[in-house]
Amino acid sequence: MKVVLQNITKIFPSRNKKVKDEVVAVNDFNLEIPDGKLVCLLGPSGCGKSTTLYMISGLQEPSSGKIFFGEDDVTKLSPENRGIGLVFQNYALYPHMTVQQNILFPLQNLKGENRLSKEEMLNRTTEAAKLVQIDEYLNRKPSELSGGQQQRVAIARALVKMPRVLLLDEPLSNLDARLRLQTREEIRRIQRSTKITTIFVTHDQEEAMSISDYIVIMKLGVIMQTGKPQWVYDDPANLFVAKFLGAPPINLFSGRVEKGKLYIGEEKVLDVKGVEDQEVYVGIRPEGFILDKKGKLTCTVSGIDVMGRDISIVSTSENSLNPVVRSIISADEMGNISGDVVKFNLKEHKVFIFNKETEQRVYFGAQLASHEEMIAQMEAEGQVYVTREGPLPREADDKVKENVIPEPPKNVFVRAFNGVKNLCTKLFKKKDGENTEVATEIAEENLESEKIEIVEESPIATEAAPVEFVAPVASETAPVEEEAAPETTEAKPPKKTKRTTKVKE
């Protein structure tokens, strides 16, 4: 079953009634998922991938746009009428039921012409259990199964209805490393045997690249790039995709293009004819380094990680935007490393250039022809190449951070003294060299009950003696002055009293 999403947008209202700050979880999402393929929605937490899955399932309704299953518009259709099977992250099994009863439960709820006989329901349950290899545990309760076995029960329960579309919401995140590997292989085997269109949501790039036919990389509710996993890894469209895919992650350097040459610092590392002069980010995959004593890129060795067949040289560079530079080379070349300095040449197809302002990919040399060939292959297979055009969505702390020396914080005692000084300025004004009380300002700031003791200024007192606050003391003899009434025939205003504070000389 082909799934088509047309201009899907999902907006959640603000929880703060005073501030209408709506959250756009999915923004103008367009995607076509081919029939019988396993497609992964991949991205960091909060990118909108689970929200997209729930809109496909019918659990959430899009704010705008349409969803098609084949030629059928299912945008307003309820979940039970869409013909979907949904597997949640937390299994959601009924603990008081056996494995057989858990798998059988969706069939017992079928009504009308879809209703099956008891024999047909049992046959389907047994077939689904065999498909996920748990037919030996049909009489057990979920608590008697391992995590991987419970996840298989959840998958069998979703498959027993023979859904048109199978939806998996991070089904492996609760499993340990070994079970995660085994279960994802099972999911891939099941999908290939059933040929059910499957949409798999994950934030783990290793999962997505190992089992999917196509991946859809998302960020802040928009599609960044689509394609086959290896194609996207070899041909990232922008800096975000290049950084998100790859383990170890891509090495980033600050560089520039001048007269058809690519520079990292003052070292000329590659010829990039046809590229305009500009400031760029240079991304180099860990496997893109060639150890050479006369190499063009110089790094300082800080360690070597032995990985058996390969070794990883851990080094540093003053132009690197990563804390360390990781270079993977063959273990046979380990003997060629000597001293604290190592030099590399670079593999052209493993070096990516990104514009420093837009972070979009800048193609050069044979990369452009390879990119066009990839798009032609996708179109031949019925896929549409999708990538983000224009400025990338960016969070506040998402942009590549250059090395900036922070300003030293001001001394806390200086800030405290300045605060007290400003307060005293509000309370007292100087006129003709004498301190004049400003009782009206004190009243406005609700400070009538406070008494402040000011020490006469002197060079020593200003530097060493802080202003001392004295607790208010009740005074029975505090004078109250009356203002003189003006001589006028008009109605006299009510008399005002003025409270003064004592100033210690």
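Where is the place of N345? It is in strand β19, which covers residues 341-346. Before I go on, please keep in mind that this is a predicted model.

Let me stay with N345. Setting aside neighbours within four places in sequence, N345 is in contact with G288, F289, I290, D292, G295 and K296. For K296 I can give a distance: a polar atom of the N345 side chain lies 3.3 Å from the backbone nitrogen of K296.

Next, the sheet. There is an open sheet of six strands with antiparallel pairing, and the order is β13-β12-β11-β14-β20-β21. The edges are β13, residues 267-271, and β21, residues 361-362; each has a single partner strand, so one side of each has no neighbour in the sheet. As a reminder, strands of a sheet pair through backbone hydrogen bonds, either parallel or antiparallel.

Now β11, residues 251-258. Why is β11 described as largely enclosed by the rest of the structure? Because seven of its eight residues are buried. On one pairing, β11 runs antiparallel to β14, residues 278-284, and seven bridges join the two. Within that pair, F253 stands opposite V282 of β14. β11 also pairs with β12, residues 261-264, in the antiparallel sense over four bridges, and here V257 is opposite L262 of β12. The hairpin of β11 and β12 has two residues between the strands, and K259 takes a positive phi near 50° there.

F354 has R361 in β21 as its bridge partner.

Last, the nonpolar cores. Which residues touch the most other members of the largest nonpolar core? They are I103, I134, F200, I217 and L245, out of 47 residues in that core. Helix α4, residues 147-159, supplies the largest share, six residues. A second, separate core has 28 residues, including V280, C299, I329 and F344.

Not counting residues up to four places away in sequence, I134 touches V99, I103, A129, Q149, R152 and V153.

To recap, we have seen a six-stranded open sheet, a β11 strand that is largely enclosed, because seven of its eight residues are buried, and a largest nonpolar core of 47 residues with a second, separate core of 28. That is what I have for today.

Terms used: Residues are numbered from 1 along each chain as its sequence is written. This is a predicted model: local features need pLDDT of at least 70, side-chain atom pairs count only at pLDDT 80 or more; totals for chains, interfaces and linings use all residues. Side-chain values use heavy atoms; hydrogens and water are left out. Two strands pair if DSSP finds at least two bridges between them. A nonpolar core is a set of buried Ala, Val, Leu, Ile, Met, Phe, Trp, Tyr and Cys residues joined through side-chain atoms within 4.5 Å. Buried means under 20% relative accessible area, exposed over 50%, partly exposed in between (1.4 Å probe, protein chains only). Contact means heavy atoms within 4.5 Å. A polar contact is a pair of N or O atoms within 3.5 Å; within protein, one must be able to donate a hydrogen and the other to accept it, and residues adjacent in sequence count only if both atoms are side-chain atoms.
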